[in-house]
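Keep the viewer open as you read.

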Amino acid sequence: MIVTSAVRHAAAGTAAVLFVLPAPVATASSVTSARSLTTVRSSSVGEPTPPARQYVDRARLARKGTQVQPLPGAPAVPSVSALSWVVADASSGAVLGARNAHRKVPPASTLKALFALTALPRHDPSTQHTVADSELTGIGDGSSLVGVKEGYTYKVSDLWNGVFLSSGNDAVHVLAAMNGGWKSMARQMQEKARSLGALDTHVVSPDGYDAPGQVSSAYDLAVFGRAGLQDPEFTRYCSTAYADFPAGSWSYGIANTNRLLTGADGVARYPGLIGIKNGYTSNAGNTLISAARRGDRTLVVSVMNPQGGGGLAVYEEARELLDWGFEAAGRVQPVGSLLPVRAKAKEPRDARAVTAPRDGGAEADGRAPLAGAEAASAPGRRSPGEESEGPSAGLPLTLVGSACAAALALWGWRRRTARRA
């Protein structure tokens with residue numbers, strides 16, 4: 001009887017306390033359900049699904065032979081005789097296809113693209129310079145020349161026209177003298193190549209003239225071409241077909257030696273061609289960096305030393321590769337990238353022992369913080385405004401215990417009061 005009365009009082013007290021208690025907060029399962037509902041609602045209004053991140057195996061370009069990853073409907077890769085070549089998207093840097101991309105061979109005058117990337121920003125195009133005799137010494141035998149003369153005064157823009165159109169080694173020598181001298185220019189170009197991620201290039205002669213140990217690769221030339229297209233001045237010079245070159249009181253016309261641009265010597269002009277630079281030496285053979293635009297897409301192509309077809313084969317093979325690249329865009333997976341590899345910051349050795357969050361909200365275990373519903377559904381994480389599960393779940397149990405104790409105390413007090421009466 002006593003026990004029944006005590007239990008009755010405890011139950012009544014517990015019910016009264018539970019009646020005024022707020023409902024427990026939502027647990028992780030309800031958060032997950034809310035996230036699912038949000039996902040359904042988002043999909044119902046037609047939000048696009050973000051594209052899957054593509055993995056690009058950079059090591060693939062180090063392999064020998066032709067590298068391409070065709071998707072259904074992709075065109076066949078053209079059969080060309082060049083020792084190496086690269087076809088890449090100039091905007092994203094994605095390499096659509098390549099052959100022996102990192103093979104190190106002499107670059108000839110295509111190295112002038114790297115020279116321009118390094119020296120072109122140093123002087124305003126309208127700056128005038130009077131050429132000294134010392135600036136024209138050391139030009140290699142058989143070099144291509146634009147006709148720079150000592151004692152004559154030239155605008156910097158005239159000298160750059162001589163570099164890009166006539167591939168003038170004399171203009172390169174003068175511009176190099178204006179930028180620290182021949183050896184300093186070679187060092188500057190080497191540093192520029194490394195900063196762009198072009199690791200195959202070794203600069204000895206800034207004009208591209210054959211020199212022991214001077215090499216580059218189809219990959220590096222494509223990197224130089226892509227970087228040049230991001231500079232409006234570079235692009236203007238390399239896409240100029242014809243210009244006047246001063247000679248004292250008069251001037252004469254010069255034409256770009258890139259046949260795909262001018263349509264000279266029976267080579268048809270390529271529609272949408274931008275440039276960039278061609279080259280030839282007996283050691284390097286014919287080399288070429290080309291870029292063309294079609295619609296909203298721009299491609300850059302590098303071709304090194306075709307083994308057949310004569311001296312004009314480099315243009316026809318570049319044409320075939322450009323055609324293939326425009327047709328293959330969106331139908332092949334990238335086999336590499338022209339973007340430099342970013343060095344990863346080293347973590348402190350005791351980083352995992354630190355319990356406080358690091359800068360940017362990263363946690364001590366090295367994981368990046370999750371956002372939104374993903375963070376809410378992750379084990380051990382709470383979204384903003386969500387209460388901890390531990391205290392909210394234990395609160396009713398604590399109050400129930402307190403209610404039971406109060407009910408027993410009340411029963412005991414009434415029992416004592418009845419006996420006294």
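Start at histidine 123, which sits in the loop between α3 (112–119) and β5 (128–130). Helices (H or I, at least four residues) and strands (E, at least two) are DSSP runs, numbered from the N terminus. Before going on, a word on provenance: this is a predicted model, where local features need pLDDT of at least 70 and side-chain atom pairs count only at pLDDT 80 or more, while totals for chains, interfaces and linings use all residues. Residues are numbered from 1 along each chain as its sequence is written, and side-chain values use heavy atoms, with hydrogens and water left out.

Leaving aside neighbours within four places in sequence, histidine 123 is in contact with Val156, Met178 and Asn179, contact being heavy atoms within 4.5 Å. The C-alpha atoms of histidine 123 and valine 156 are 7.2 Å apart, though 33 residues separate the two along the chain.

Val156 takes us to a helix pair. Helix α4 (residues 156–164) packs on helix α5 (residues 169–177) at an angle of about 135°, with the axes 8 Å apart; axes are lines fitted to C-alpha atoms, for helices over the stretch in contact, and angles run from 0 to 180 degrees between N-to-C directions. So α4 is oblique to α5, since angles under 35 degrees count as roughly parallel, over 145 as roughly antiparallel, 65 to 115 as roughly perpendicular and the rest as oblique. On the α4 side, the contact is made by Val156, Leu159, Trp160, Gly162 and Val163, and on the α5 side by Ala171, Val172, Val174 and Leu175.

Next, the other pair: α3 and α7 pack at about 40°, with their axes 9 Å apart, and that makes α3 oblique to α7. Here Ala113, Leu114 and Leu117 of α3 meet Phe224, Ala227 and Gly228 of α7.

Nonpolar side chains tend to be buried together in soluble globular proteins.
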